[in-house]
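Subject: Structure handover

Hello,

Please find the structure below, followed by notes on what was found in it.

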Amino acid sequence: MELVEATSDDLDALVDRWYDLATGMKEYSELNELAYADVREVPDDGFRAHLENEDVTDYLIVHDGETIGFVTLREGRHPSQQYSTYLRIVNVAIDEPHRSQGHGTAVLERVKELARERGCDHLKVSCEWGNEDARRFYRDANFQPKQVDYAQPLE
């Protein structure tokens with residue numbers, strides 16, 4: 001498994017996979033309702049902005065020459081804390097036919113390597129509270145619960 005940095009040629013693959021990920025998150029909260037009824041409506045502006053942002057990088061997850069997912073990473077800092085430089089996993093998605101085969105764990109190991117290479121001292125990730133599979137996956141990978149986000153729609 002390797003992570004291949006995405007380019008503008010990969011925008012369609014990123015948008016398609018993001019849409020699948022986002023569609024799957026709808027079941028966990030009404031706040032995850034998508035503004036797009038179909039993947040063809042989703043603009044690539046968000047991923048295009050990532051290409052221009054030095055703190056954000058999108059990677060295609062490639063196994064045996066085949067793209068099987070994507071991961072978005074964002075560097076950040078908390079200068080007042082002992083652990084001050086982090087790499088956040090913003091998005092991670094493995095295509096359905098390739099799940100439960102160890103690819104997610106391999107991605108986490110590679111992300112740890114990238115974080116160390118970049119001088120980061122910790123990783124961050126968040127997931128939907130109701131997504132017990134994701135929470136179990138991160139606990140099994142030795143992530144510790146640290147903070148809870150709350151959200152409220154302003155209707």
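**Two loop residues**

Ser 100 sits in the loop between β4 and α3. Helices (H or I, at least four residues) and strands (E, at least two) are DSSP runs, numbered from the N terminus. This is a predicted model, in which local features need pLDDT of at least 70 and side-chain atom pairs count only at pLDDT 80 or more, while totals for chains, interfaces and linings use all residues. Residues are numbered from 1 along each chain as its sequence is written, and side-chain values use heavy atoms, with hydrogens and water left out.

Ser 100 is not a glycine, yet its phi is positive, at about 60 degrees. With a relative accessible area of 82%, Ser 100 is exposed. Here, buried means under 20% relative accessible area, exposed over 50%, and partly exposed in between (1.4 Å probe, protein chains only).

Asp 64 lies in the loop between β2 and β3. Its phi is also a positive value, near 50 degrees, in a residue other than glycine. Asp 64 counts as exposed because its relative accessibility is 72%.

**The sheet**

The strands form an open sheet of 5 in the order β1-β2-β3-β4-β5, with mixed pairing. Two strands pair if DSSP finds at least two bridges between them. β1 (2-5) and β5 (122-125) are the edge strands, each pairing on one side only. From one strand to the next, the twist averages 35 degrees; axes are lines fitted to C-alpha atoms, for helices over the stretch in contact, and angles run from 0 to 180 degrees between N-to-C directions.

Strand β2 (residues 56-63) runs antiparallel to strand β3 (residues 66-77), and 8 bridges join them. Val 56 stands opposite Arg 74 in β3. The hairpin of these two strands has 2 residues between them, and Asp 64 with its positive phi belongs to this hairpin. On to the next pair: β3 and strand β4 (residues 85-94) are antiparallel and joined by 9 bridges. Thr 72 has Asn 91 in β4 as its bridge partner, and Gly 69 has Ile 94 in β4.

**Helix α1**

α1 lies across β2, β3 and β4, at about 80 degrees to β3. Leu 11, Leu 14, Val 15, Arg 17, Tyr 19 and Ala 22 of α1 are buried. The buried residues of α1 pack against α2 (45-52), β2 and β3, where contact means heavy atoms within 4.5 Å.

**Cores and cysteines**

A nonpolar core is a set of buried Ala, Val, Leu, Ile, Met, Phe, Trp, Tyr and Cys residues joined through side-chain atoms within 4.5 Å. The largest one has 19 residues, and Leu 3, Ile 61 and Val 107 are among those with the most contacts inside it. β2, β3, β4, α3 (103-117) and α4 (132-140) each give two or more residues to this core. Its largest share, 5 residues, comes from α3. Apart from this core lies another, of 13 residues, including Leu 11, Leu 60, Phe 70 and Ala 93.

The structure holds 0 disulfides (pairs of cysteine sulfur atoms within 2.5 Å). Cys 120 is buried, at 10% relative accessible area, whereas Cys 127 is partly exposed, at 32%.

Regards
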